[in-house]
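Please read it with the structure open.

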Amino acid sequence: MKAAVIVFPGSNCDRDVAVALEASMGSKPLMVWHRDTVLPDLDLIVVPGGFSYGDYLRCGAMAAHSPIMREVKAKAEKGTRVLGICNGFQILTETGLLPGVLMRNRNLKFICKDVFLRVENADTDFTRKHTLGDVVRYPIAHAEGNYFVEPEAFRAMEGNGQVAFRYCSKTGDVSDAHNPNGALSNVAGIYNEAKTVLGLMPHPERLAEDLLGGSDGKTMFDSLVEALR
Amino acid sequence: MKAKVHITLKNGVLDPQGKAVQHALGSLGFGGVNDVRQGKYIELDLAETDRAKAKDAVEQMCKGLLANTVIENYAIELVD
């Protein structure tokens, strides 16, 4: 499997995700600077977390129009798998690769803590090593993770299995009490129509080995390796 | 020519920042503020002298970058 991690000025999870990818893949991913315009043949592109371009204008808005994102979009449209984590998710919505938008958290605070997520679709390249309804613990660290999309569009997305993860309790109860940021229907991550692009606010790479306090996130990278090797 | 662009949240989109400002105004003793909606104001200095062309260009700028039309509206005012 060949993977690349896009690096923007202000990315700060690019190395973490590279370490997590290498542990699952057995080889290092390519690190690609935002000014580059061409990507080689790849199986996976990761748009990492951070504060690309200082979150100017709107989170992800400037990065979405950087030179490399034109190439990422072209590859994604041809079926290359794309994973956007946190700021990467915001960037993917701003490019139009994923529907909806990430708004300011409803409590206006930057929230940094571990949350539980329920796997809502275990039939994708990102989650195939999970079982539907699995509960995983991933950290979140964001101020703008309040997912919103037009209700009509959301119904279609739900019907098409595009909800990837929902915030829940340790036992898998999805309710407002376990919604950290006000996201529509507790949505923590979504797929595009073809389930080849995933964006999520929580960070699988931050709990991907026991040394970090947990390895729930490793299952996502292992799933990708199994699917794409 | 200058373009003044106001970007505002669409009706029905929750504005927690506006709500926080409203509460702060209330605690400062400014009563009677029924609602606060916060937005952005962007001023562009354009080389274009044709109003119609300038309006078109700024529309494209709003749709392409300045506003996220999923949740935001924009209004353009041109000033010579």
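Which strands does helix H2 (residues 51-66) of chain B lie across, and at about what angle does it run to E3(B)? Helix H2 of chain B lies across E1, E2 and E3 of chain B, and its direction makes about 155° with that of E3(B). The model is a predicted one, with an ipTM of 0.83 and a pTM of 0.94.

**Sheet of chain B**
- The open sheet of chain B has three strands in the order E2-E1-E3, with antiparallel pairing.
- E2 and strand E3 (72-79) of chain B are the edge strands, and each of them pairs on one side only.
- On average, neighbouring strands of this sheet are turned by 20° against each other, direction ignored.
- Strand E1 (residues 2-9) of chain B is joined to E3(B) by eight bridges, and the two run antiparallel.
- Within this part of the sheet, B:Val5 stands opposite B:Ile76 in E3(B).

**Confidence in chain B**
- Chain B has a mean pLDDT of 95, and 100% of its residues reach 70 or more.
- Among the elements of chain B, strand E2 (residues 40-45) has the highest mean pLDDT, at 98, and helix H1 (residues 16-27) has the lowest, at 93.

**Sheet of chain A**
- Nine strands of chain A form an open sheet with mixed pairing, in the order E2-E1-E3-E4-E11-E10-E9-E6-E7.
- Strand E2 (30-33) and strand E7 (135-142) of chain A each have a single partner strand, so one side of each is left without a neighbour in the sheet.
- From one strand to the next, the twist averages 25°.
- Strand E6 (residues 111-119) and strand E9 (residues 163-168) of chain A pair over four bridges in the antiparallel sense.
- A:Leu117 stands opposite A:Tyr167 in E9(A).

**Helices on the sheet of chain A**
- Helix H1 (residues 14-25) of chain A packs on the sheet and touches strand E1 (3-7), E2, strand E3 (44-47) and strand E4 (81-85) of chain A.
- The direction of this helix H1 makes about 175° with that of E1(A).
- Helix H3 (residues 87-95) of chain A lies across E3, E4, strand E10 (187-191) and strand E11 (197-200) of chain A, and runs at about 120° to E4(A).

**Nonpolar cores**
- In soluble globular proteins, nonpolar side chains tend to be buried together.
- The largest nonpolar core here has 64 residues, and those with the most contacts inside it are A:Leu83, A:Tyr147, A:Phe165, A:Leu198 and A:Met220.
- Helix H5 (residues 218-228) of chain A gives the most to this core, with five residues.
- A second, separate core has 14 residues, including B:Ile7, B:Leu46, B:Ala54 and B:Ile76.
- B:Ile76 of that second core is also the residue that B:Val5 stands opposite.

**Cysteines**
- Over all chains, a search of the whole structure finds zero disulfides.
- A:Cys13 is in no disulfide, and the nearest cysteine sulfur, that of A:Cys86, is 6.5 Å away.

How values were computed. Residues are numbered from 1 along each chain as its sequence is written. Chains are lettered from A and ligands numbered from 1 in the order in which they are written. This is a predicted model: local features need pLDDT of at least 70, side-chain atom pairs count only at pLDDT 80 or more; totals for chains, interfaces and linings use all residues. Side-chain values use heavy atoms; hydrogens and water are left out. A nonpolar core is a set of buried Ala, Val, Leu, Ile, Met, Phe, Trp, Tyr and Cys residues joined through side-chain atoms within 4.5 Å. Buried means under 20% relative accessible area, exposed over 50%, partly exposed in between (1.4 Å probe, protein chains only). A disulfide is a pair of cysteine sulfur atoms within 2.5 Å. Two strands pair if DSSP finds at least two bridges between them. Axes are lines fitted to C-alpha atoms, for helices over the stretch in contact, and angles run from 0 to 180 degrees between N-to-C directions. Contact means heavy atoms within 4.5 Å. pLDDT is the predictor's confidence in each residue, from 0 to 100.
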